[in-house]
Amino acid sequence: MLDNILSILIFFPALAAMFGFVIHKDSARAYGISVAFIELALSLLLWFSFDSNASGMQFMEQLPLVPAFGINYILGVDGISLFIIILASFFTLIGIASLTETKNVKNMIITLLFLQMTMVGVFAALDAIVFYVFWELSLVPMLYIIGAWGGPLRIYASIKFFLYTFTGSLVMLVGMLFMAYFYYQATGVWSFAILDWYRLILPETFQLWLFGAFFVGFAIKVPMFPFHTWLPYAHGQAPTIGSVILAAILLKMGTYAFIRFSLPMFPDASVFFMFPIAIIAIIMIIYTAMVAYAQEDIKQVVAYSSVSHMGVIILGTFALNVEGITGSIFLMIAHGVVSGALFLLVGVIYDRRHTKMMSEFGGLASVMPRYATIFGLMLMASVGMPLTINFVGEFLSLLGFYKQSHILTLLAGAAIIVGAIYMLAAYKKMFFGKVTNEKNRNLPDVNKRELLALIPLSIITIWLGVYPKPILEPINNSVESIVQLMHDKSITEEAKSRIPNLIEGIEITKTSTQGAH
Amino acid sequence: MLEPVNVSLESLNLMTLSPMLIPIIGALMIIVVDLFKSGLDKTLYVMLSLLFLVMDFGAILESAGAFAQNGTIMGIFDVMLIDGLAILSQLIIVGASMLFIPLALTSKRFHEFSYPEFFALFLFMISGFQFMVATDNLILVFVGLETSSLALYTLIAMHNRDKSFEAAVKYFTMGALAAGFYSFGAMVFYALTGSVEINQIASVLAANKYADIGYVLIGVTFMLASFGFKLSLVPFHTWAPDIYEGASASMAGFMSIVPKIAAFIVAMRIFEFLIHSGVVWLEVILYIFVVVTMTAANIWALVQTDVKRMLAYSSISHAGFVMAAILIGTTQSNSALFLYWALFTFTNLGSFSMLWISRQKHIPAHQSSDHSYNKFAGMVRTAPVAASIMALFMLSLAGIPPFALFWGKLYMIASAVSGGYTVLALIMALNSAIAGYYYLKLIVYMFMLDPVKGADEHVFTNNASLSLRTIIGLAAVGTIFAFIAVNPLLEFITAFVYNSGY
């Protein structure tokens with residue numbers, strides 16, 4: 001079973017979704033929770049049987065799909081993708097469990113299970129076309145979730161979401177075809193296998209163009225400034241569950257793809273574009289933080305803060321050294337947990353009052369103390385307080401980039417302080433002071449079902465903030481091998497000096513840890 | 001004193017004719033049956049036609065086997081040319097027709113199917129298309145073209161709607177114009193080279209190193225205009241949406257597939273040798289045709305209010321997309337053309353059949369036309385399975401993986417990439433993104449909007465019968481599981497195209 005565990009992880013939810021059509025609509029939620037629970041158990045099994053000391057791909061599977069054209073069904077996980085897969089199954093479970101009264105709940109659960117298939121598929125795929133298949137397929141369930149259960153502008157928001165990402169990924173597809181063609185020219189065989197592509201060393205001009213083609217697809221998905229305009233609409237109109245999955249998992253596809261494709265395949269182009277992208281990332285951090293400060297809708301605040309944090313992830317990724325990339329992967333998981341939790345929390349208050357305007361609230365701390373506590377905790381995590389999960393990721397990302405540029409890192413660090421300002425301001429508006437609005441006076445505090453979703457998230461937030469090692473170590477191992485690959489592959493002097501050579505580097509870190517003991 | 005001409009029967013290789021003769025015999029037989037006893041039910045004729053088509057398919061498979069062993073087969077004074085292109089395109093033509101003909105078995109009664117002539121004409125038309133693709137001879141191409149076109153005009157006119165007559169007459173005039181252009185172009189080539197065989201023309205032109213390039217270009221221009229009409233390339237496309245609207249949905253689906261593949265083959269035979277021998281003007285003009293057809297048709301499709309007209313524009317755009325294969329002109333691109341069209345057959349026939357089963361006898365007040373978008377509003381509430389299948393076809397047409405057409409698009413864009421047409425590859429990709437919008441629009445209507453008040457809930461499967469459901473089921477299965485079929489299909493197609501020297 002372990003040999004095919006990735007295929008099982010991908011297609012079990014899909015199969016369950018097919019069977020789900022038969023389930024009576026009153027029992028659909030229980031069915032969904034059971035399936036998502038099994039899926040989570042399977043993904044935890046994957047973690048326990050995962051060898052944390054190995055850096056390469058594990059649980060590889062391979063089946064020919066279109067061998068005449070080099071397309072094969074190849075799966076595998078390493079430390080980078082493992083935890084995002086677990087996160088995806090975890091959030092599907094939490095999302096279904098915390099689902100409040102929805103119309104057509106059965107359709108929603110079937111859609112979520114299909115979405116889970118595509119999410120796991122994207123992170124487990126090691127063939128570019130298989131990756132692309134899941135990447136594109138993930139748009140369809142999300143389109144339906146936003147378009148069928150969203151707010152008043154839902155159709156506009158869902159189509160904007162779909163077309164934006166679809167356009168970007170088609171450009172990426174052309175890039176993939178070029179990459180396969182270059183591989184064909186070099187070796188005489190067509191191949192879309194990512195591990196084959198890793199071995200291909202391209203001239204710098206080709207790298208630049210291909211990097212650009214892939215960048216369009218990934219940057220829209222992340223979303224990076226100035227392609228981010230679809231995201232606030234999508235978040236604003238999506239139902240709670242849609243926002244949670246979108247922020248926690250779907251956005252990570254873009255940043256994950258940068259690490260899986262762009263960095264190891266085009267190391268010289270990555271170095272070439274390092275500063276332009278870092279500047280975009282910093283604009284993204286500062287600009288969206290400022291926009292977030294101006295919002296009156298709490299969900300928009302969370303949405304923009306989520307974009308802002310994605311900027312830190314990008315910055316860490318393009319530090320191009322082990323600390324930065326490890327940090328950015330850790331921050332992906334942290335951001336998933338924290339912003340997912342924040343969207344859930346916004347959903348809690350929206351269910352009670354059917355408004356998300358901060359001006360409608362005030363003094364909630366005295367009415368809903370438990371809610372205020374959890375919200376406060378997540379808010380602290382979101383602004384990157386030490387001993388919370390976000391801190392580890394942000395710190396490592398910034399540390400990584402500090403080695404490349406001091407000034408830009410200082411700017412980014414300053415921007416995180418802006419993040420603290422708007423989050424605290426929002427918290428103050430909603431929770432402190434006197435209860436001014438009579439409607440808020442008798443709001444019920446979080447109920448058991450909501451706690452069931454929020455407590456595990458709070459525990460993870462603190463646990464991984466205090467003791468990140470179980471996750472950090474496997475990530476670190478895989479990242480080291482990628483950085484080493486980049487260093488070996490790079491052809492320009494600039495790239496050789498920017499990307500550290502770890503054969504010596506590992507020893508230094510070892511001695512320094514020994515010194516610390 | 002005339003010498004008696006001695007031709008041995010074997011040298012004629014009459015077997016090359018058998019795939020075309022089978023539908024002709026079938027058509028004659030249907031007429032004879034009607035002579036003996038008139039007023040027989042349409043099911044008889046449908047099944048007879050289907051039987052002959054199956055036999056036809058078998059005969060083509062047999063010649064495919066012969067081709068795989070011995071290479072290209074010539075026959076009847078070298079007029080017939082059975083090469084890989086001829087076999088592949090005949091397989092698509094007859095295969096699509098086999099899927100089409102059971103669509104006549106609707107649960108509602110339609111005027112045209114009560115005439116046995118409908119089925120006889122249909123079979124004549126098929127043999128016409130088969131002649132068109134299985135020859136190198138411009139005159140036989142013309143004969144095939146006219147046989148099939150005249151039959152097709154009549155088939156459209158038999159649908160009992162005001163717009164059908166208009167459509168048939170429009171198609172007739174446009175078709176006559178195209179035929180005129182074609183014969184004039186053929187005449188110019190004959191005047192230049194003294195031959196009506198494409199390979200002879202090619203070798204004569206190559207021998208005198210394209211000395212009369214001016215005349216060649218005149219001939220090419222007429223040919224382009226003629227195929228522009230047949231393939232509905234912009235700006236010769238204006239007939240297509242009106243005729244699709246006037247014809248029955250099933251006929252429109254048929255027209256979007258079968259006549260076009262026949263025209264593609266002839267265009268491939270004529271234009272590719274010209275492009276390869278360096279007629280730059282043709283390359284430029286084809287490039288423009290391809291890009292404008294793809295893009296403009298997509299933009300028109302965005303503003304349609306009727307699903308059938310939208311699909312008409314979408315199939316114009318697809319034709320432009322596939323025309324790129326002829327422009328690129330490598331083995332890979334020619335294989336991509338067949339792969340694309342084989343997959344497109346399933347998807348497009350499926351989507352038109354979905355319109356066909358929702359065909360009403362009378363148009364209710366809230367609908368502006370037979371298949372207006374608002375007819376499909378909230379379809380998921382009343383007919384969830386039908387809505388899901390329709391959405392599946394739309395996603396496939398938009399090129400969402402892993403559904404059928406994605407693989408066609410993938411391979412076509414890949415052939416553009418490896419043929420050195422980088423910009424074209426990007427334009428093709430971006431056009432797929434534009435197209436995404438109008439396919440999505442139907443999905444939005446079906447899944448996200450509320451039904452129009454007072455709409456008949458059963459309209460979506462109004463016209464369904466077991467055989468229609470079967471056809472749609474086949475199309476849906478073909479669309480979903482295309483990823484399994486792509487590899488064998490691709491190997492088969494590439495071998496055939498490569499062995500015919502394209």
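**Figure 1. Buried residues of helix α17(B) in the predicted model.** The buried residues of α17(B) are B:A386, B:A387, B:I389, B:M390, B:A391, B:L392, B:F393, B:M394, B:L395, B:S396, B:L397 and B:A398. The structure shown here and in the other views is a predicted model. With 12 of its 15 residues buried, α17(B) is mostly covered. The end C-alpha atoms of α17(B) are 21 Å apart, in agreement with the 21 Å that its 15 residues should span at 1.5 Å a residue. After the helix comes B:G399, which has a positive phi near 90 degrees.

**Figure 2. Packing of α15(B) against α17(B).** Two packed helices are described by the angle between their axes and the distance between the axes. Here helix α15 (residues 331-357) of chain B packs on helix α17 (residues 384-398) of chain B at an angle of about 140 degrees, and the axes are 9 Å apart. On the α15(B) side the contact is made by B:T347, B:G350, B:S351 and B:M354, which meet B:A386, B:I389, B:M390, B:F393, B:M394, B:S396 and B:L397 in α17(B). By type, the residues of this contact of α15(B) with α17(B) are 7 nonpolar and 4 polar, with no charged residue. Residues three or four places apart in an α-helix point the same way, because there are 3.6 residues a turn.

**Figure 3. Contact between chain A and chain B.** In this contact, 26 residues of chain A meet 26 residues of chain B. On the side of chain A that touches chain B, the elements giving two or more residues are β1 (58-66), α5 (128-137), α6 (139-149) and α7 (154-187) of chain A. The most comes from α7(A), with 13 residues. The residues on this side of chain A divide into 23 nonpolar, 2 polar and 1 charged.

**Figure 4. Helix α7(A) along its length.** Of the 34 residues of α7(A), 24 are buried, and the helix is mostly covered. At 1.5 Å a residue, α7(A) should span 50 Å; the 48 Å between its end C-alpha atoms agrees with this. The residue following α7(A) is A:G188, with a positive phi near 85 degrees.

**Figure 5. Cis peptide bonds in the two chains.** Most residues other than glycine have a negative phi, and most peptide bonds are trans. In chain A, the bond between A:V222 and A:P223 is cis, with omega about -10 degrees. A:P223 belongs to the loop between α9 (204-221) and α10 (230-237) of chain A. In chain B, a cis peptide bond links B:V234 to B:P235, and its omega is about 5 degrees. B:P235 lies in the loop between α9 (213-230) and α10 (239-246) of chain B.

**Figure 6. Two non-glycine residues of chain A with positive phi.** A:H354 is not a glycine, yet its phi is positive, near 55 degrees. This residue, A:H354, sits in the loop between α15 (322-353) and α16 (364-367) of chain A. A:H354 counts as exposed because it has 8 C-beta neighbours inside 10 Å. A:L387, also not a glycine, has a positive phi of about 75 degrees. The loop that holds A:L387 runs between α17 (369-383) and α18 (389-402) of chain A. With 13 C-beta neighbours inside 10 Å, A:L387 counts as partly exposed.

**Figure 7. Surroundings of B:I126.** B:I126 is a residue of helix α5 (residues 116-133) of chain B. It has 33 C-beta neighbours inside 10 Å and therefore counts as buried. Leaving aside residues up to four places away in sequence, B:I126 touches B:P23, B:I93, B:V94 and B:S97.

**Figure 8. Chain A as the setting for the close-up views.** Chain A has 23 helices and 2 strands. Its radius of gyration is 22 Å, close to the 24 Å given by the globule rule for 517 residues, so chain A is as compact as a globular protein of that length. Along the principal axes, the C-alpha atoms of chain A fill a box of roughly 70 × 55 × 45 Å. Of the 517 residues in chain A, 60% are buried. Among contacts in chain A between residues at least 6 apart in sequence, those joining residues at least 24 apart make up 79%.

Key. Residues numbered from 1 in each chain as written. Chains lettered and ligands numbered in written order. Predicted model: local features only at pLDDT ≥ 70, side-chain atom pairs only at ≥ 80, totals over all residues. Axes fitted to C-alpha atoms, helices over the stretch in contact; angles between N-to-C directions. Helix = DSSP H or I, 4+ residues; strand = E, 2+ residues; numbered from the N terminus. Contact = placed C-beta atoms within 7 Å. Nonpolar A, V, L, I, M, F, W, Y, C, P; charged D, E, K, R; others polar. Buried ≥ 20, exposed ≤ 12 C-beta atoms within 10 Å, placed from the backbone. Rg over C-alpha atoms; globule rule 2.2 N^0.38 Å. Expected span 1.5 Å × (residues − 1).
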